[in-house]
Amino acid sequence: MAKHIVVVGAGVIGLTTAIRLQEGGHAVTIVAAAVDAEQHDGAHGPAAAVRPENPEPVSHVAGAWWWGRLEEGATGALDAYAAWTGMTWQVLERHMEELGEEAAASRTGVQWREGSRQFPRAQERDPWWRDVVRDFRRTRPEELGVGYVDGYHFRSLFVDMSLYLPYLRQRFRDGGGVLLESRRLEHIRDAAKFVSSAPSSEAAPPPSPAAVTPGAPPRCDVIVNCTGLGARALGGVRDLAVYPVRGQVLLVDAPHVREFGGGPIEAAGRGETTYIIPRGGGRVVLGGTVQ
């Protein structure tokens, strides 16, 4: 039976969750404190955007690219991790297949990029994700950067979040979804109040699911929490296992940079990594540190 579901949060997880629920035949409303944080110019908005007390979306700061970050032996959750990251790959690749590479890049920000991930020490074996990405091979010696002795060269899927987030929002609205902005919640249950008190023209359930009675007042059957970092301070949730990570990331103009690159910084001694990620329009993301 179709339900009216309220998703709290309009970052990439909230939007994707809402769209998948729509595809399952449900009426969906998104309630969010903000949706346009990605419009900050430069690499990625002010530091205040990543504090728990300021629950604006931070999806716009993502590079964003697909690779198997979790390594074998790191945790017993590798199978689960491989399964859901594999689903992400399939969804991104579907954009390329349905729209074509040029249209997918210009409309959704999803695009192919080639490059390498390099290491200061020799890698004993190929990674578990070698058969997911395209054209995988070991990085040639002449391709290695200073201080690196081994690497993986491959093609992967990248997402320009300045395009992907607006694309998801429009897709959600085209599917009949309602997005309520500037709704700051003190408690997770307040999401239902926003829906029930909103004007009918703004929050009426989409007419597509047959089980939703036309003209019925909006109701909330299920609330889905997609607040991310905001879950730490949100009443009724207060997930103290969620905490912010501060990094330094730059967005620069470098149209001559075509390939991605990066790898762990052994001198840092804390598992830190660096990366170079070309975006559209000649912009390149440079990162990053972790604190």
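1. Basis of the note. The structure is a predicted model, in which local features need pLDDT of at least 70 and side-chain atom pairs count only at pLDDT 80 or more, while totals for chains, interfaces and linings use all residues. Residues are numbered from 1 along each chain as its sequence is written, and side-chain values use heavy atoms, with hydrogens and water left out.

2. The chain as a whole. The chain contains six helices and 11 strands; these are DSSP runs numbered from the N terminus, with helices (H or I) of at least four residues and strands (E) of at least two. Of its 291 residues, 42% are buried. Here buried means under 20% relative accessible area, exposed means over 50%, and partly exposed lies in between, with a 1.4 Å probe and protein chains only. Among contacts with a separation of 6 or more, 65% join residues 24 or more positions apart; a contact means heavy atoms within 4.5 Å.

3. Helix H2. Helix H2 covers residues 78–99. Its 22 residues reach 32 Å from the first C-alpha to the last, close to the 32 Å expected at 1.5 Å a residue; the expected span is 1.5 Å times one less than the number of residues. The buried residues of H2 include Leu-78, Tyr-81, Trp-89 and Met-96. The buried residues of H2 pack against helix H3 (101–107), strand E3 (110–119), strand E4 (134–138), E5 and H4. Gly-100 follows H2 and has a positive phi, near 90°.

4. Helix H4. The 14 residues of H4 reach 19 Å from first C-alpha to last, close to the 20 Å expected at 1.5 Å a residue. Buried in H4 are Met-161, Tyr-164, Leu-165, Tyr-167, Leu-168, Arg-169 and Phe-172. Just after H4, Gly-176 takes a positive phi of about 95°.

5. The pairing of H1 and H4. The axes of helix H1 (residues 12–23) and helix H4 (residues 161–174) come within 10 Å and cross at roughly 30°. Axes are lines fitted to C-alpha atoms, for helices over the stretch in contact, and angles run from 0 to 180 degrees between N-to-C directions. H1 passes H4 in a left-handed crossing, a term used if the near helix is turned anticlockwise from the far one by less than a right angle. Residues of H1 including Val-12, Leu-15 and Ile-19 meet residues of H4 including Met-161, Leu-165 and Phe-172. By class, this contact of H1 with H4 has nine nonpolar, two polar and three charged residues. Ala, Val, Leu, Ile, Met, Phe, Trp, Tyr, Cys and Pro count as nonpolar, Asp, Glu, Lys and Arg as charged, and the others, Gly among them, as polar.

6. Ser-59. Ser-59 is found in the loop between strand E2 (27–31) and H2, and Ser-59 counts as buried because its relative accessible area is 12%. Leaving out residues up to four places away in sequence, Ser-59 touches Gly-11, Val-12, Met-161 and Leu-165. The C-alpha atoms of Ser-59 and Gly-228 are 9.8 Å apart, although 169 residues separate them along the chain.

7. Two residues of strand E5. Ser-156 lies in strand E5 (residues 150–159) and is buried, with a relative accessible area of 0%. A polar atom of the side chain of Ser-156 lies 2.5 Å from the backbone oxygen of Trp-66. Asp-150, also in strand E5, is buried, with a relative accessible area of 9%. The side chain of Asp-150 reaches the backbone nitrogen of Gln-123 at 2.8 Å and makes a polar contact with the side chain of Arg-138 at 2.7 Å. A polar contact is a pair of N or O atoms within 3.5 Å; within protein, one must be able to donate a hydrogen and the other to accept it, and residues adjacent in sequence count only if both atoms are side-chain atoms.

8. Most residues other than glycine have a negative phi. Asp-135, in strand E4, has a positive phi near 55° and is exposed, with a relative accessible area of 53%. Arg-238, in the loop between strand E7 (222–225) and strand E8 (250–253), has a positive phi near 40°.
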